[in-house]
Amino acid sequence: MATIAIQLPYTKGPEVLQLTTDKHCYAKEAKLAGTVIEEARRVIGRAREVIGRNREEFNVANSANIPHMEVPTGTNIVANDVKRAVNDAVEAVENAVKIKIDASKPDNAGQQSAYEETFVRAYTNATTKIDEATEATARVHQAGVRYDKAKEKTVLVVGGGVSGLMTAWILLDKGHRVSIVAKDWAETGTEAKGITSQIAGALWEYPPGSCGLSEIEVPVLAYSKLEQYQEWAMQSFLFYERLQTVAGTASGSTASGSTASGSTASGSTASGSTNLSFGARMINLYQFFHHNYSNEGTATAETKAGANANEHYQKYIRIRDLGRTEGSFRDKLQTSIWDATGEPNGSGEWVNALAAVNSTGFGLKWGYRHRAPVIDTDAAMKFLMELVRDKGAVLETREIKGDLHLHERELMDDFQADIIVNASGLGAHTLANDDQIFPVRGAVKRMNMPHPFLEDNAVLLPAQYDIADNPSKTIFIVPRREDTLVVGSIIQRNNWDLSLTHQSPEVMAMWERAKEFITHLQENRGLGEDERPLAQGLRPFSHSNVRVSADNRTNSCRVVHNYGHGGSGWTLAVGCAWTCVKLVEMILHEGKSGSVANTEVWGLKQY
Ligand SMILES: Cc1cc2nc3c(=O)[nH]c(=O)nc-3n(C[C@H](O)[C@H](O)[C@H](O)COP(=O)(O)OP(=O)(O)OC[C@H]3O[C@@H](n4cnc5c(N)ncnc54)[C@H](O)[C@@H]3O)c2cc1C
């Protein structure tokens, strides 16, 4: 079993997202850990007493007798978390007491002030550790209490893409019963067809993403703003980074209590799955630009091209600064820049990147690099589907018709559900009666890896204006796995047609442009680029940006939405799912109306 615990940045309190990658749910573990928690409380109390007494009475140092915790057999991961925290605290207290005893020995007379200094440090450390152990114990206890509440409630999730499945995972790990209904599932094993979530690149990009000149449709009066996209993206970044290290740990257990009626996910078997990997990897992402704004002092924006390049530059500064902060992101983003005037031939780490691109032909002036997750969506969708089944979710294939709000009672009766999550992507046009939803057609070629450099490095020419102020097209070169490269991308608004082929003019133009840009694609032949089917799909965009909010058309409405992720569904998935679950729990367990829950989560950030 593996747990993924991340300290969520940008949340009001010190919140931790704790999930397990096998059929157990975190909250159930927390409930089972009850005895250990009781024992932990006793030990923490004793440790606190000992350290407190020694602080007051310098010469009385004989109370180092701290009972160690007895963890019952059949220990679980949650109990071990608490045990570790308590043991650390006990060790720190013992250390402080030992210093105190040494200081009181006659041989050490005269060195009291040196001992006092060491003791103060040890004392401070011990109190910090006690606080940490207390927090861990309380957190786990709370999760156990929530589990009792959650297991009484069933959530119906509409949508089997990354948004629906991530939301389902968190709900299941918090103890809820979950049913998932979708008209289509990821067809594991096929490259061309599948839902949008499987077709995706899928590169993590700090918002705004490169899909279009700016992915954020409107800056104000929207369901979410750039700032919120960035928070969701960073929460997802930490999750994928952590998940990478626990990949390959899905359970080999059979799906208990799961009746995946009518599921069409071919090749996906919930039972007996072993060693599944989520397929998340950290790579270097190199982005190139026609304008040079690397000099902070001279970043100006007189022209459209200048304004856009300046936006990209500000984005780089934000990423760079995040990577330098003390918080969760420190050293994780690892930025660096290339400046054509400063380093005409490239140097150091940029040598290979510059050898990979045709910088002269494309008039490139500037670029930056940072670490980024990339996801093999075939593996990830299979992993997510099997995981939620293993945890007991019931999957059903069905098309839901009409506005969910109007059919809410009927659906909740059908699925014995207490609340509905709408994660239907483009389906939200009908299911949320939202006419702001529109498709942006996309397509990518998948091919054999042409060169070792591209195995661990993605190269992007984001949508921007060229030197003559003309909008230029995105070039997207991303390693899907070490043996497979993804080349894209097509970005066509309001186009619903999915009959593109390798011979379609826009696909041929995309491929020619990519070959001209990436020298390693020119050098190689036989990459299988035309033998594999073209992967194409519709990005679920919204003129009102991403929507994660409760439906508040009436006070009693029991629908929470999570849709409109455009070209960034994987980038935002974890953060959005977390916010969605928060709203669900406020309505279900705290009895709040959709409006009140929205206000508490969003404050004045949302219209
Ligand atoms: C070519 C391409 C490249 C992309 N590259 C990236 C990238 O690099 N990085 C990134 O982060 N994102 C990328 N994306 C975007 C990303 O794929 C989407 O944002 C994401 O998949 C949206 O996920 P979702 O779960 O919200 O929607 P979807 O994956 O579309 O899933 C919607 C689900 O709802 C179900 N549904 C819909 N209507 C109904 C109904 N009426 N009844 C029942 N079920 C219904 C569907 O069957 C499906 O199961 C790319 C997309 C494309 C097309």
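The second largest pocket in this predicted model has a volume of about 720 Å³. A lining of 26 residues surrounds the second largest pocket, and those nearest its centre are Glu15, Arg146, Lys174, Trp578 and Glu585.

**Lining of the pocket**

- Two or more lining residues of the second largest pocket come from each of β2 (16-20), α1 (26-32), α4 (112-150), α5 (162-173) and α15 (569-590).
- Among the contributing elements, α4 gives the most to the lining of the second largest pocket, with 7 residues.
- By class, the lining of the second largest pocket holds 11 nonpolar, 5 polar and 10 charged residues.
- At least three residues of the lining are drawn from each of two domains, namely domain 1 (22-150) and domain 2 (152-187 + 200-279 + 376-436 + 543-607).

**Packing of α5 against α10**

- Helix α5, which gives residues to the lining of the second largest pocket, also packs with helix α10 (residues 377-390) at an angle of about 35°, and the axes of α5 and α10 lie 10 Å apart.
- The crossing in which α5 passes α10 is left-handed.
- On the α5 side, the contact involves Val162, Leu165, Met166, Ala168, Trp169 and Leu172, while on the α10 side these residues meet Met381, Phe383, Leu384, Met385, Leu387 and Val388.
- Sorted by class, the contact of α5 with α10 consists of 12 nonpolar residues, with no polar and no charged residues.

Conventions
Residues are numbered from 1 along each chain as its sequence is written. This is a predicted model: local features need pLDDT of at least 70, side-chain atom pairs count only at pLDDT 80 or more; totals for chains, interfaces and linings use all residues. Side-chain values use heavy atoms; hydrogens and water are left out. On a 1 Å grid over the protein atoms alone, a cavity is a set of points where a 1.4 Å probe fits but cannot get out, and a pocket is an open set with protein on both sides within 12 Å along at least five of seven lines; lining residues have an atom within 4 Å of a point. Grid points are joined across faces, edges and corners, and a volume is the space filled by probe spheres set on the points. Helices (H or I, at least four residues) and strands (E, at least two) are DSSP runs, numbered from the N terminus. Ala, Val, Leu, Ile, Met, Phe, Trp, Tyr, Cys and Pro count as nonpolar, Asp, Glu, Lys and Arg as charged, and the others, Gly among them, as polar. Domain bounds come from an automatic or database domain assignment. Axes are lines fitted to C-alpha atoms, for helices over the stretch in contact, and angles run from 0 to 180 degrees between N-to-C directions. A crossing is left-handed if the near helix is turned anticlockwise from the far one by less than a right angle, and right-handed if clockwise. Contact means heavy atoms within 4.5 Å.
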